[in-house]
Amino acid sequence: QVQLVESGGGLVQAGGSLRLSCGVSGRTFSRNGMGWFRQAPGKEREFVAAINWIGGSAYYADSVKGRFTISRDNAINTVYLQMNSLKPEDTAIYYCAAGPRAVTTAGLYNYWGQGTQVTVSS
């Protein structure tokens, strides 16, 4: 059984930085993609970033380009989301997900973590 656990969320002031981690355990074959999504109160879940374990191709939502960086450490099955220049609009619960490949559509991912809260104060 695949299990994903996010960590690193917290409270930060606007302009600050935060790094989220997602540890993956269990059967991961045929699941080459990892994604980060977020959901703010009263809003739909939205794509943030995604990356492939093999190849390392990465994708970002327009709202975070230039500020966020997704990366992975294959040796320890961990995916990171480095968030810089944070804005109040980034406040949300952040989820990591695993799927066949890195895509922007949440419905194409098979496994999800429990989420970690990120709050950015102005």
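User: Which residues form a disulfide, and how far apart are their sulfur atoms?
Analyst: C22 and C96 form it, with 2.1 Å between the sulfur atoms; a disulfide here is a pair of cysteine sulfur atoms within 2.5 Å. The model is predicted: local features need pLDDT of at least 70, side-chain atom pairs count only at pLDDT 80 or more, and totals for chains, interfaces and linings use all residues. Residues are numbered from 1 along each chain as its sequence is written, and side-chain values use heavy atoms, leaving out hydrogens and water.

User: How many disulfides does a search of the whole structure find?
Analyst: The search finds one. The link of C22 and C96 is right-handed, with 60 degrees about the S-S bond. Strands (E, at least two residues) are DSSP runs, numbered from the N terminus.

User: Are C22 and C96 buried or exposed?
Analyst: Both C22 and C96 are buried, meaning under 20% relative accessible area with a 1.4 Å probe, protein chains only.

User: What stands opposite C22 in strand 8?
Analyst: V79 does. Strand 3 and strand 8 run antiparallel, joined by six bridges; two strands pair if DSSP finds at least two bridges between them.

User: Changing topic, why is strand 8 largely enclosed by the rest of the structure?
Analyst: Strand 8 (residues 78-83) is largely enclosed because five of its six residues are buried.

User: And how many bridges join strand 7 to strand 8?
Analyst: Six bridges join strand 7 (residues 68-73) to strand 8, and the two run antiparallel. T69 has Q82 in strand 8 as its bridge partner. Their hairpin has four residues between the strands, and N77 takes a positive phi near 50 degrees there.

Notes: Buried < 20%, exposed > 50% of the residue type's maximum accessible area, 1.4 Å probe, protein only.
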